[in-house]
Amino acid sequence: MNSIYSVVDYLRDLFTTRLPYFPSNIRSALIIILFCAIVFAELYMYIAVRRIRQNAAKRKKDKWNDTISNLLANIIIYGDDDDTETIINHFLPQFKKLPLYRPFIKKMLTKELLEYHANFIGKTADVLRGLYLRLNLHKEAIAKLKSNYWEKKIEGIREITQMNLRTEAENILQFTDEENGQLRMEAQAAFVKLSDDNPFRFLDRARERILDWHQLVLFEVITKTKNVQIPLFSKWLSSKNDSVVMLCLKLVNHYQQWDAIPLMVLLFKHENLKIRARAIENIGKMEAEMVEENLFEMYFNQPIEIKLNVIEALGRISSGNYLDFLKSRTYSENFKIRMAALYAIKLHGPSGEDLLSKIYHDSTFQNRSIVEHVLDQRIKN
Amino acid sequence: MISKILIVEDEVLMLKALEFRLRKDGYEVHTAADGAVALDLIQAQSFDLIITDIMLPFVGGLEIVSKVKGNPQTKDTPVIMLSAVGLENIVLEAFQLGADDFITKPFNLSELSIRVRKHVKQPSI
Amino acid sequence: MSLYYFFFEEFLNNAIFYYALIVMFSYIFLTFLSAVEMKSYLRKNSYVDYKAILVSPHAPSVSILAPAYNEEASIIDNVRSLLSLHYSNFEVIIINDGSSDNSMAVLIEHFGLEKVKFALNEQIKTKPLRGIYKSKDPAFSRLTVVDKDNGGKSDALNMGINVSGKDLILCIDVDCIVEQDAILKMVKPFLDEGKRVIATGGVVRIANSCEVRDGRLISVNMPDKIIPRFQVLEYIRAFLMGRMAWSRLNGLLLISGAMGLFDKEIVIKVGGYNHNTVGEDMELVVRMRRYMHDQDLRYRVVYTPDPLCWTESPSSATILGRQRNRWTRGTMEVLWLHKDLFFNPRYGFLGLLSYPYWFFFEWLAPILEFVGLFCFIIMAIMGYINWEFSLILFSMVYFFAIMLSTIAVLFEEMSYQQYTKGSDLFRLLGMAVLEPIIYHPLTVYWAIRGNIDKLTGKTSWGTMTRTGFKTKIKQAA
């Protein structure tokens, strides 16, 4: 016991009576020690308390989660013969019995309803939407749009879109010019899904660059949403915003919009190589034989990547008019060009295969191995 | 004789929904939350129908199709693939491997019931 | 005479104090930065639907490159788990680096492989190719197995780059356990940065004592043995605090060899991995960054804090010692190879901060610590030590260290919370108390041994071509 007291006494003296007499560095060190020790002890306690609370919350949550998901699963197995309204009326009282005045239960129910709704269509989805509305959960979603946090706004927008509350489209419109990129994109995507009159309005006004990630999401939304009025995207191919051009090129290809072909030929001269490459790729994928001459003419002044694109596009078009040109490319010094040319020849069907066997017989060892590579069906690119 | 169906799906919610629904339709339903467990089950017993998600932990849906269709004992068991919209490439691969049908999420449960009934040879009770 | 000793002791105390102060301040600064970066990452990505990448036809294409050397026992499970990763446009390239065991035969047998007529475009020079194999079974059409003469990990990866037909390359250790969403999460930065992203790194975690089935992680446990347990804490600190801070500053020099996603075009332009160093993972990133500076291109190197890759770490002090010895040598080699970066304003942040940081903190710090201790012992023997002052200074460093580790544990708690059992959490906090007095001195000792081995030209742990691929990560901040 004595020794413990003496340690305590020693430490107390160290930090009180003796403190002013130490050299400054030792004094600072003592203060730093005190500080670190206190922070350490507090963090330790904080972590412990956090864990205990978390576990309690989780137990509570698990219990309710089970109740809610069983309720929802019962909807799934409800008879096909009853009409939507009857089913809703059957289940509504059961849902109303839940203590929805408790925020976490309301949140949990909303989340589950949305998740189920996303996975099903038909009557199940209609019933889920009906319940969502009758439980007045949509009012929360609309309120979220007024939040100060962009995350909350996104949450609200997603909920509204998932439950297809079309009357809110105009309300969401305001966010399509938002400074926060993520929120802006979510709003644009929602607007495409919800707006009846001009879902692609945002493309006219987009001044900021649409990040690749946002392009990817918007493309998914535009192409996967049913009943969207698809415009002619050629309208935006002359946009000053490169990212808008890029997105529209992807869409032009997806919807095979032939009217865009002349404009895409103009893009062959675009200074952004990615746009140039995508325009050429589109021409190939749309098998636009009428502009293959333009492809051929541009070839010689291009960097390697663009040349590869041109060769591939000629292969896709495979009119046969440029077989000699493609054959000449198999003498290129660049391995990738040789391989691309041989692949392009292969795409020409029987005439291409004839040419390949001819090339195989009268060419160098390395070209032979590339021909073999190209003809090996097990290798896919 | 009640038909036995195996559902392979890693999303708990979806698995539960399918299980409830098909059980109600009168089938004997077995479930697996990942591909590895599914393969073990398929080896141990025979099923009248297998419904599998394409994206699965451990062993992908494609491998399940290839294993089922590659084994003379199970090659006649119909397989329905479940997939998210946009995985058409993989669905195509699944068909090449011998998958019998596919359903894209989100889907209509009544439609699923009908499709299942078509593929299961023995009628449900 | 005694006056000199007195001054020397005064000097030593002051030197220790101010050196410690500088180190502590930089750690506090880095901790602050990583907190900011973690928070913004978690905030930004809590609303991301990764499914969009999964189904999109415009997601970048990825080749997974996994070199294998004598991995016969586990290779099948590992390859299968790689093939079942969640991504649509990817291929898996296993490079058998002249294994002396049956790896190749096992692979051929299990996946029904056949040799194909592959025309190799040798963009980076490597050891000779023996053959390229694909499966007869269309279910494994994503798999390519490359058989080549033994040339070490770098050489194998370079061969993989030559074979790869995709835009991005994910270089991993084949025995790592990779999370299903790893590619999705690592690809995302390539899509959502204003600047060109040339590489992203994934966080590596310790898999010892975790439950693993068929090459997949089932549940996370705290390692039973003490050495890996120390490493759990060390890795959490290094990744969640160090790497995230450097990612924020865009000053990352190292992406761990266990898992990194790179822009293939740039990797080829800089000539691939360097096989003359044991620090090839760090060396590549430094060279890529230099290249971007030389070309005046704006770029970023990014870290994703999600735990994406789990690895079995050395559980005995001897093996861990060898690993750390190699890391030290790797660091020295990279620093030496790129010595002209040192405070070179032409390379901006890279030359003025990242490189000097590595020089002073990663390479020099253990040496200074060692020298300081050496002086202290000499003084103690001569009897010129104020024990009380010395003890206070040591305590300062000690308490600071445990505080820092506790903050790291807090970061983990507030972000990913992998250790769900309460007992595991408190064991981890216990490690924070023990680490500075047990584990840290060992790491200093190994670093010194690494320095000595490098300077005396003794690389006692086998030549490059004969080592397996056990280098996992580099020690970081």
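**Where chain A meets chain C**

The side chains of A:R18 and C:E388 come together in a salt bridge, with 2.6 Å from N to O. This is a predicted model, and that pair is a handy way into the contact between the two chains. Across the interface of chain A and chain C there are four salt bridges, along with 22 residue pairs in polar contact, both partners at pLDDT 80 or more.

**What chain A brings to the interface**

**How much is covered**

- In all, 56 residues of chain A are in contact with 60 residues of chain C.
- Between them, chain A and chain C bury about 5000 Å², and 67% of that is on carbon and sulfur atoms.
- On the chain A side, A:R51, A:W213 and A:R378 lose the most area to chain C, together 15% of what that side buries.

**Chain A as a whole**

- Chain A is built with 20 helices and one strand.
- Its radius of gyration is 33 Å, well over the 21 Å that the globule rule gives for 381 residues, so chain A is more spread out than a compact globule.
- The C-alpha trace of chain A spans about 100 × 75 × 45 Å along its principal axes.
- Take the contacts in chain A between residues at least 6 apart in sequence, and 64% of them join residues at least 24 apart.

Note on methods:
Residues are numbered from 1 along each chain as its sequence is written. Chains are lettered from A and ligands numbered from 1 in the order in which they are written. This is a predicted model: local features need pLDDT of at least 70, side-chain atom pairs count only at pLDDT 80 or more; totals for chains, interfaces and linings use all residues. Side-chain values use heavy atoms; hydrogens and water are left out. Contact means heavy atoms within 4.5 Å. Buried area is the accessible area (1.4 Å probe) that two parts lose on being put together, summed over both. A polar contact is a pair of N or O atoms within 3.5 Å; within protein, one must be able to donate a hydrogen and the other to accept it, and residues adjacent in sequence count only if both atoms are side-chain atoms. Helices (H or I, at least four residues) and strands (E, at least two) are DSSP runs, numbered from the N terminus. The radius of gyration is taken over C-alpha atoms; the globule rule is 2.2 Å times the number of residues to the power 0.38.
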